[in-house]
Amino acid sequence: ITFLYRLLMKSRIYLFIACLFAATGLCAQSNQSVIAIWPSGVPESNGITVPEGSRNGIISNISVPSMTVYPAAGKNTGAAVLVCPGGSYICQASIHEGSQIATWFSENGITAFVLKYRLPNGHAFIPSKDALQAIRIIRTRASEWGINPTKVGISGFSAGGHLASTVGTHFTQDARPDFMILFYPVISMDSNLTHMGSKTNLLGQSINDADSIAYYSNELRVTSQTPPTLLMLSDDDKVVLPGNSVGFYTALKQHQVPASIHIFPEGGHGWGYNKTFRYHEMWKAICLDWLKQQKVID
C-alpha cells in the first residue's frame, strides 16, 4: 500500500509538472495572433482550388493570405519587419524562413510578422498585392504593438526575396517599406540569371512576355526611392545565382541607395535560420549591426 501511495504521489507530481510546461507553452503562444490580410475575402482568386496543405513546415496551395504576429520581447525597439518565406512561388518554408526568423527578430526587440501570401499560380501581381496590404495593416495598427510606423521593413528568402524586392521597387507610397533585408533572393526574370521554377510559377503563361519579364526583373525597377537594403547570400549558391544579388546591389548604388552586400564563402542555398550554416552567428550579427547603422534600432 505504501508503495502504491508513493507511486500515486509521484504520478501527480509528474502530471503537475507536465501541466505547468503545457501552460507555459500556451502562454508563450498566446502572444502570437493570426491576422487576415483581406478580412472581407480575397479581392480576386489565384485559381488554386485544392485545399491548403502543410507538411514538415512546408505550406502548399495557399489561396487565402494571413500573417502571424510575433510581438517584440524584452525591450521594444519600435521596429517591425514583414517576413516572406521562400519556396519557388509554389510553396512556403514557414519554419526556417518564417517562424524561427520571426522569433529571433522578436527576441531582439523587433516585432515580426510572418506573411503567408497567396501563391501566384501564374497571377504575378497577387503575392505583392498581399504583401503591400500587410504593410498597410501594420502601419494602421502600429500603436497596438508599439511600432514606429516609420520603421517598418520587409525581409524575404529566395522567391520570398523576390517578393520582398518587388514590394521595395513597385510600392505605393502608403506601403513603401522603410528597409529591406534579402536572403539569397531571386531578383531577375532574365533567363541568364533567374531561378526558372520561381519564374514559371510567378509568370505562368506570360513567361516569355518581354514586358512581364522586364516588369518583374527588380534590378531594372530600382530608383532613388528604393529602401535601404541588406543582401546576404553564399558564393556557392547554385540554385539562385549570386548574380541576382550583385545586379540588384549595383543598381542600388547607381541610384545612391544605401546598401550592403555580404557574400559568404559557402553555404549553398536555403540556409535560413538553420544553425548548421557555418555563418549562422555571423549573419545575425551583421543584420543587427546594419539595422543599427540605419538607425532602425538603437
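This report describes the confidence, sheet, helices, cores and salt bridges of a predicted model.

Local features are reported here only at pLDDT of at least 70 and side-chain atom pairs only at pLDDT 80 or more, whereas totals for chains, interfaces and linings use all residues. Residues are numbered from 1 along each chain as its sequence is written, and side-chain values use heavy atoms, with hydrogens and water left out.

**Confidence**

The predictor's confidence in each residue is given as pLDDT, on a scale from 0 to 100. The protein averages a pLDDT of 92, and 90% of the residues score at least 70. Where pLDDT is low, the predicted coordinates should not be read in detail.

**Sheet and helices**

Helices (H or I, at least four residues) and strands (E, at least two) are DSSP runs, numbered from the N terminus. Eight strands form an open sheet of mixed pairing, in the order 1-4-7-5-8-9-10-11. Strand 1 and strand 11 (259–264) are the edge strands, each pairing on one side only; two strands pair if DSSP finds at least two bridges between them. From one strand to the next, the twist averages 20°. Strand 5 (residues 80–84) and strand 8 (residues 152–157) run parallel and are joined by five bridges. Ala80 has Val152 of strand 8 as its bridge partner.

Helix 2 (residues 95–107) packs on this sheet, touching strand 4 (66–70), strand 5, strand 7, strand 8 and strand 9 (180–183), and its direction makes about 165° with that of strand 5. Helix 5 lies across strand 5, strand 7, strand 8 and strand 9, running at about 150° to strand 8. Such angles run from 0 to 180 degrees between N-to-C directions, with axes fitted as lines to C-alpha atoms, for helices over the stretch in contact.

In helix 6 (residues 196–203), Ser198, Lys199, Asn201, Leu202 and Leu203 are buried. Buried means under 20% relative accessible area, exposed over 50%, and partly exposed in between (1.4 Å probe, protein chains only). The buried residues of helix 6 pack against helix 5 (159–169) and helix 7 (210–215). Gly204, with a positive phi near 55°, follows helix 6.

**Nonpolar cores**

A nonpolar core is a set of buried Ala, Val, Leu, Ile, Met, Phe, Trp, Tyr and Cys residues joined through side-chain atoms within 4.5 Å. The largest such core has 52 residues, of which Met67, Leu82, Phe113 and Leu115 touch the most other members. Helix 3 (residues 125–140) gives the largest share of this core, six residues. Apart from it lies another core, of 32 residues, including Phe179 and Trp290. Beyond four places in sequence, the contacts of Leu115 include Met67, Leu82, Ala131 and Leu163.

**Salt bridges**

The structure holds nine salt bridges, each a side-chain nitrogen of Lys or Arg within 4 Å of a carboxyl oxygen of Asp or Glu. The table lists some of them.

| Salt bridge | N to O distance |
|---|---|
| Lys129 and Glu44 | 2.8 Å |
| Lys116 and Glu52 | 2.9 Å |
| Glu144 and Arg141 | 2.8 Å |

Lys116 lies in strand 7 (residues 111–116) and Glu52 in the loop between strand 1 and strand 2, 64 residues apart. Lys116 is partly exposed at 21% relative accessibility, and Glu52 is partly exposed at 39%. Lys129, at 28%, also counts as partly exposed. A network of salt bridges links Glu44, Arg118, Lys129 and Asp130.

Note on methods. Contact = heavy atoms within 4.5 Å.
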